[in-house]
Amino acid sequence: MTRYTTEQSAFIQHQDGNALCIAGAGTGKTTTLVGLIEQKLTSVAAEEMLVMMFNRDIRTDFQAKLKGAGIEQAVPVHTFHSFCLKFLNQTGFLRDTGFRVDYQSGESDKALVKGILRDIAGLEKTYQRQQTIKDPKTIELLLSFIGLVKAYMLSPYEVFKLAEINRDYLFIIDAYEKFEELRKQQRILFFDDWLVETVKLLEGNDAIRQHYHQHCKLVVVDEFQDINTAQYRLLKQLLGEQTQLVAVGDVDQCIYKWRGSAPQFMLDFEQSFAPAKTYTLSQTFRFGHSLALAASHLIANNKQRFSDFLTTSCEGVDDTEVIECGSARQVGEIAQSVQDYIQQGGKPSEIAILVRRWSQTLLFELAFLSKKVPYQMPVPSVLANSREVKLLMELMSLATGRYQAQAPQQKSALLFSLMSFPHCYVPNKTLKPLCGQLSDMEPSTWLTFMGRYEKANPSLKLETMIERLDLLARLMRKGSFKASEVYNQYRNESGLDSWIWKTEATASEIEEAIERLDSVSTVLESMDQDCAKALQYFEYYTYQSGLQNSGNGNSNGARQGQNGGQSYEGGQDSVQLTTIFRAKGCEYQQVHLPFWDKDAFPYMNKSSGSIGADIEEERRLAYVGMTRAKQQACIYYSAPEKPSPKVTNASRFVMESKIKVAQELGPKLYSEGELPFYRSPVVEEYCRRLGRAEDVVIPKTSIYSEAHSIADENYSYKWALMQPLPENAEKVISAMIRTKTAKYLDTEISRIIRELKAATKTKKKVLVNRLIVTSNARSRVRR
């Protein structure tokens, strides 16, 4: 029989009204949900329940856990989309409207999008603009945009502004409208439409809505922090007067803004689904005090959260070491650490490298391949599929003379590739045969030929292509030069970086592409080898990465094991190399978090000088990364060989985590005796939750002590907390919690106490009330 904590039991025994459970990382959420359903089955029939999960894998895992707990009843467990598909069939919507469900979403909708963009491009006058519109990344952008419009259930123009897409891509609004027009003409429902049509039908049909109100008595939603507007509206329609909603989630792990989720859905739960009660699961079984303190300090800086929620380490959980490392060679140090761990008997699958962006994995792939460390990625290898690495090998082929030995068809393909990255703005229908002609000539004759060709075709703009051919001809004589010099020369003279800035659709895509270019340059500079050696190196490791990841893909990626750990389907035991986004819901013994540099994390939109992503969402992402660790979390940022004590390249998230405080206090919480005082509301509350507040040695000069003696009273922070609240104080306290920081409130408390020393009797009464209110607000503020 499962033993539950007091918090878990309280939630499981919830009876009347709706309920929200705030479940911190590693607090046994799934186990508790199984217990809740087992309890509810004593009063609600299984067929009157509806359990909503966020993806098929989690749904399958949860169904297995229900069976494992001995629950034989067929409790309906769905993803949002599987429920909607069943709904559209059962209500006769598909039969009556003639719409057909497309199960190949991703292929059929992409084909439709390609045709629409091709038509839009045909209306443009400049070739550059035509290429931008038909670019494969524009296709992906439009597909994502369509999904986002349907998730928000807003107008495409409103979503365009919300998504902060470059205004050069305003045409995707018209493309969306055309997509919808064609989709409806062809009577197709793509994946994102299932949810939207279900919501519309429920909102517009009283009879269907009433049917669900009568037959659905309990709705359980997992990962509630991830719902979007369409899912929120669905839940609102499913809830009748007799239907109970029970939701579980962690607003501190809301990291999917890009698909429409927002913290406010969870923060407003009690108002949106009144009457409702909020429960907490705050004791984690995953990590120890040191990591709990560091993660809590970090996330306390967010305002969009439950300010009084704090995750503490459960009794019996070993400490989790938190390491901060400023290094000039982050990748090398991590690769060596991983290799040492494995050589000492650790399993590769117990380690994860969690990056902010996929482009940051390229250097790790090279490092792991060179050290023969097995690794696994849930997406195709960045090294093997990077256009930037392909560019390097093409340039090295030219410089070393290998190009000259190739067959004409290979030469033509190589020239066309180099003319396209960056693009020389000659239409492809002209460029391809032109490259074929050039491949049959000696490079020394290219410019003469192009001069004659330009005169014969005055309508073509060939200046950029002629300049590129001149550059390539010069690079062909540099085989003995350093590879880094050749690569950087091409990058600079071709205007590659500038072209990327102009042609990528989103700021994040720009950053990814530039970062891959920088990564290749970094490797070349550290190698300090000529073109032939660089070509040999990259060819070998690109081939090896293809072998390493030949079976990889979503199906072979990490999945959550029976107890929240990791198990792997197929393949060898491997280090997990993935993004923080992909690691959500997973846990590992060792977690390495590289590139926490101030100009990289939080992500900055350098094209506009503003934050490219919501700063609070970025902080939540950092929090998710940290809380994947069980034994050790290592955070890295760039540092020069000779670091300066006054200057740091560390992300603000490193400072906000107060890692030194966590390193000092965390281990001490495992033994009895006195604890050091830290001017930190997180530490204060953490110690109080553990029943260790009395062990903290408070300095006599602190506002937390009873040292402020004025007349007959000892006015202080602690004194104020023991006084009854003035009338209407809760409204003022709530406002302070939302808008003020701990530092501000500390200063205010000190100021009030100073004023009380010389205050008249009348003013003293006002100041005392202010001190009580401010102190109570301060006790609930963590940031």
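A strand here is a DSSP run of E, at least two residues long, and strands are numbered from the N terminus. Keep in mind as you click around that this is a predicted model.

**Stop one: strand β1**

Select residues 18-23, which make up strand β1. How many of the residues in β1 are buried? The count is 6 of 6, so "buried" meaning under 20% relative accessible area applies along the strand. Turn the view and check both faces: N18, L20 and I22 sit on one side, while A19, C21 and A23 sit on the other, and all of them are buried.

**Stop two: the neighbours of β1**

Next, bring in residues 244-249, strand β7. Which way does β7 run relative to β1, parallel or antiparallel? The two are parallel, joined by 4 bridges. Click A19 and you'll find V246 of β7 opposite.

**Stop three: S327**

Jump to residues 321-327, strand β11, and select S327 there. Is S327 buried or exposed? Its relative accessible area is 3%, and anything under 20% counts as buried, so S327 is buried.

What does S327 touch? Leaving aside residues up to four places away in sequence, S327 touches E333, Y637, S638 and A639. Finally, show R329: its backbone nitrogen lies 2.9 Å from a polar atom of the S327 side chain.

Definitions and conventions
Residues are numbered from 1 along each chain as its sequence is written. This is a predicted model: local features need pLDDT of at least 70, side-chain atom pairs count only at pLDDT 80 or more; totals for chains, interfaces and linings use all residues. Side-chain values use heavy atoms; hydrogens and water are left out. Buried means under 20% relative accessible area, exposed over 50%, partly exposed in between (1.4 Å probe, protein chains only). Two strands pair if DSSP finds at least two bridges between them. A polar contact is a pair of N or O atoms within 3.5 Å; within protein, one must be able to donate a hydrogen and the other to accept it, and residues adjacent in sequence count only if both atoms are side-chain atoms. Contact means heavy atoms within 4.5 Å.
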